[in-house]
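Hi,

Here is the structure I promised to pass on. Have a look at it first, and then read my notes below.

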Amino acid sequence: MRTRVTDMFGIELPIFAFSHCRDVVAAVSKAGGMGVLGALYFTPEELEMELKWIDDHVDGHPYGVDVVMPASYEGADFAPEELVGRLQTMIPEGHRKFVEDLLAGHGVPALSSDADAGKVLLGWTDATARPQVEVALRHPIALLANALGPPPADVVELAHSHGVKVAALASTPRHALKQVEVGVDVVVAQGTEAGGHTGEISTMVLIPQVVDAVDVPVLAAGGIGNGRQMAAGMALGAEGVWTGSLWLTVEEADTPEMAKQRILAATSRDTVRSRSWTGKPARLLKNEWTDAWESQESPGTLPMPLQFMLVSDALRRIGRSDAAELATFPAGQIIGITNQVRSTRDVMYALMEEYAEAMERLGRITGD
């Protein structure tokens with residue numbers, strides 16, 4: 001296949017795969033697409049190790065890194081050295097009590113020691129994401145992506161000075177235009193079907209609007225899990241696809257077994273847009289955790305990054321317990337068709353085989 005994005009990155013297939021698992025990233029890139037490592041959950045030191053591993057295992061194929069640099073969040077004007085401390089004081093005690101009562105009601109134990117405490121802020125702010133960008137640009141990455149709004153213009157310039165292309169996710173044509181204004185090279189048009197932070201417009205409606213609004217290549221995202229959906233995205237004007245939830249259940253993924261089994265058993269109705277993870281709308285696996293935050297007893301969610309700071313240790317405690325009914329995580333509606341464990345290479349092969357079949361079928365329809 002040949003599109004502007006395959007030419008831009010020197011890849012065989014216009015398939016971009018977002019994953020927090022380095023093995024998936026490397027496997028997708030070696031199969032002809034482009035793996036993109038989600039940096040959010042790694043400290044700069046951990047990210048350095050992950051990228052070094054990818055460098056050693058990707059066999060020279062291009063790969064990317066995805067960071068989160070939101071345009072707006074609480075504490076944006078705080079000095080970096082006082083950011084966490086000042087933000088902690090902004091979390092109401094009533095919210096802390098609600099979380100503790102919810103965990104207690106499901107028998108979730110405390111963490112075994114202070115050393116087990118979670119990373120309460122991660123890369124949810126400009127100040128905490130910039131060190132991740134610095135680490136990423138010390139490696140031979142081909143793409144730097146921003147998962148939440150337009151990246152800062154100076155970060156785009158910095159990436160370009162390293163010969164790295166920049167992508168950013170958009171959920172409306174207006175967002176896409178803002179990203180082009182700061183110099184991004186690729187716009188990912190992400191429909192509401194997607195996992196993680198997402199808007200309200202469906203993929204089918206969004207992609208042609210974004211394609212018509214900008215002159216840079218557009219990737220279709222949200223509900224892309226097989227070759228027929230890939231063909232639909234390309235028919236709507238996209239020049240490639242951005243996939244995410246599809247890779248949660250592949251053999252190489254480090255998805256916890258409990259979560260993997262729930263994804264394999266889920267339908268497309270088992271996700272919900274919720275602010276209970278970060279304070280901004282994100283599509284998550286629906287369960288008693290998401291229900292609790294919508295209940296009458298809920299104090300309401302907090303703005304980013306306070307919500308994640310409030311629940312980060314709680315989510316870690318849930319993950320280490322048997323309270324499967326509270327375990328939630330980002331997942332798109334495509335999990336309704338991810339019902340078996342396959343290798344990354346097999347998934348890539350199936351995508352292209354299904355894509356070819358879809359295009360052949362369309363050819364028969366339109367042929368003489």
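**What I found inside and on the surface**

Let's start with Trp-247. Leaving aside neighbours within four places in sequence, Trp-247 is in contact with Ala-17, Phe-18, Val-24, Val-28, Ala-253, Thr-344, Val-347 and Met-348. Keep in mind that this is a predicted model.

Trp-247 also matters for the next bit: along with Leu-51, Trp-247 touches the most other members of the largest nonpolar core, which has 62 residues. Helix α14 gives the most to this core, namely 6 residues. There is also a second, separate core of 36 residues, with Leu-87, Ala-282, Phe-308 and Ala-327 among them. As background, nonpolar side chains in soluble globular proteins tend to be buried together.

Next, Phe-16, which sits in strand β1 (residues 15–19). Is Phe-16 buried or exposed? Its relative accessible area is 0%, so Phe-16 is buried. Not counting residues up to four places away in sequence, Phe-16 touches Val-5, Phe-9, Ile-11, Met-34, Val-36, Leu-143, Leu-219, Val-241, Trp-242 and Thr-243.

Finally, back to α14, which covers residues 344–366 and holds Ile-365. Ile-365 counts as exposed because its relative accessibility is 63%. Together with Met-359 and Leu-362, Ile-365 makes a nonpolar surface patch of about 290 Å².

Cheers

Notes
Residues are numbered from 1 along each chain as its sequence is written. This is a predicted model: local features need pLDDT of at least 70, side-chain atom pairs count only at pLDDT 80 or more; totals for chains, interfaces and linings use all residues. Side-chain values use heavy atoms; hydrogens and water are left out. Patches are made of residues with over 30% relative accessible area and no salt bridge: like charges are joined within 9 Å, nonpolar side chains (Val, Leu, Ile, Met, Phe, Trp, Tyr) within 5 Å. Accessible areas come from the Shrake-Rupley method with a 1.4 Å probe; for residues, only the protein chains shown count as cover. A salt bridge is a side-chain nitrogen of Lys or Arg within 4 Å of a carboxyl oxygen of Asp or Glu. Helices (H or I, at least four residues) and strands (E, at least two) are DSSP runs, numbered from the N terminus. Buried means under 20% relative accessible area, exposed over 50%, partly exposed in between (1.4 Å probe, protein chains only). A nonpolar core is a set of buried Ala, Val, Leu, Ile, Met, Phe, Trp, Tyr and Cys residues joined through side-chain atoms within 4.5 Å. Contact means heavy atoms within 4.5 Å.
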